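Let's take a walk through a protein model together, one piece at a time. Please keep the picture open beside the text as you read.

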Amino acid sequence: MISVRDLHKYYGERHLFKGIDLEVHKGEVVVLIGPSGSGKSTFLRCVNGLEYFQKGEIIVDDIELRSINRKNPGRGDIDAVRKIRRKVGMVFQQFNLFPHMTVLENIIESPIKVLGLDKSTSTEKALALLRRVNLQMKVQSYPEELSGGEQQRVAIARALAMKPEAMLFDEPTSSLDPEMVGEVLSVIKDLVTEGLTTLIATHEMGFAREIADRVVVFDKGDVIETGSPEEIFTNPKTERTKAFLSRILKN
Ligand SMILES: Nc1ncnc2c1ncn2[C@@H]1O[C@H](COP(=O)(O)OP(=O)(O)OP(=O)(O)O)[C@@H](O)[C@H]1O
Ligand SMILES: [Mg+2]
């Protein structure tokens, strides 16, 4: 479903990714872990076409995104980025809802504008999604009237309204108060149980262990280890993974 081959990414002079390869199969849940600054967000942003990269390719289904010349992206690249963003939804640490729109308007905006759905169809679908994330009573609220956990669930519903074939989550709970983490994780857990192809960066190790089919460990822009949750959490092979896990589990 998602295939990343020989991905190279520079930030200025800094060569962050030096050839990353990763395959995500349909229905698979892949969790990215690793220290702060190791490249998890950058990786997810590359997969979604939000970030330029200098070498390699990213293939989602039949769409191929190749390295883009930042100053002069070719027409093909722009088309590929647009197609990939339609197929792959993304949820960020900061919810990025439109503040001047109600919950319902936030959700139906893109289905109407981008997918060309009519208002009543998209509203009906939005209401079903809001029930799914347990927010049917907040349809007419504005983002500022919601808790962080509620806003994040709206953001998830909004991404799902585009009928993505895969979802990327970038630390979806790390800006939430502890008591709201559970409700968001439980929505994500339901989605992955239903077979949604998912890539998720998280510092929630218990959650990672519970939902991952595969765990990928990043460190300083390298993928240092990949394995089942069992392998990574109980029997990590590299010293760097061991050090990271012992640091994070201590906190
Ligand atoms: N726009 C940018 N310009 C320059 N460097 C950047 C930019 N964005 C990220 N970086 C650098 O790239 C590296 C990887 O950052 P990234 O945000 O991908 O890490 P991360 O693994 O998501 O970290 P965290 O767990 O804190 O979210 C970091 O050293 C960061 O400083
Ligand atoms: Mg990050």
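A word on the ground rules comes before the tour. This is a predicted model, in which local features need pLDDT of at least 70 and side-chain atom pairs count only at pLDDT 80 or more, while totals for chains, interfaces and linings use all residues. Residues are numbered from 1 along each chain as its sequence is written, and chains are lettered from A and ligands numbered from 1 in the order in which they are written.

Let's begin with a sheet. Strands of a sheet pair through backbone hydrogen bonds, either parallel or antiparallel. Here, 4 strands line up as β2-β1-β4-β5 in an open sheet with antiparallel pairing. (Helices, H or I with at least four residues, and strands, E with at least two, are DSSP runs numbered from the N terminus; two strands pair if DSSP finds at least two bridges between them.) β2 (14–24) and β5 (63–66) are at the edges with a single partner strand each, so one side of each has no neighbour in the sheet. From one strand to the next, the twist averages 20°. (Axes are lines fitted to C-alpha atoms, for helices over the stretch in contact, and angles run from 0 to 180 degrees between N-to-C directions.)

Look now at strand β1 (residues 2–11), which is joined to the antiparallel strand β4 (residues 55–60) by 5 bridges. In this pairing, S3 has I59 of β4 opposite. Helix α1 (residues 40–47) packs on this sheet and touches β1, β2 and β4, with its direction at about 120° to that of β1. (Two residues are in contact if their C-beta atoms, placed from the backbone, lie within 7 Å.)

Next comes an open sheet of 6 strands, in the order β6-β7-β8-β3-β9-β10 and with mixed pairing. Its edges are β6 (88–91) and β10 (222–227); each has a single partner strand, so one side of each is left without a neighbour in the sheet. The twist from one strand to the next averages 15°. Strands β3 (residues 29–33) and β9 (residues 214–219) run parallel and are joined by 4 bridges, with V31 opposite V215 in β9. α5 lies across β6 and β7 and runs at about 170° to β6.

What about helices that meet each other? The axes of α5 (residues 148–160) and α6 (residues 178–193) come within 8 Å and cross at roughly 15°. The two are therefore roughly parallel to each other (angles under 35 degrees count as roughly parallel, over 145 as roughly antiparallel, 65 to 115 as roughly perpendicular and the rest as oblique). Residues G148, G149, Q152, R153 and I156 of α5 meet M180, E183, V184 and V187 of α6. On α5 there is also a contact with helix α3 (residues 103–113), where V103, N106 and I107 of α3 meet V154, A157 and R158 of α5.

Finally, which residues are around ligand 1? They are Y11, L16, G34, S36, G37, S38, G39, K40, S41, T42 and E171 (near means a C-beta atom, placed from the backbone, within 6 Å). α1 gives the most to this shell, with 3 residues.
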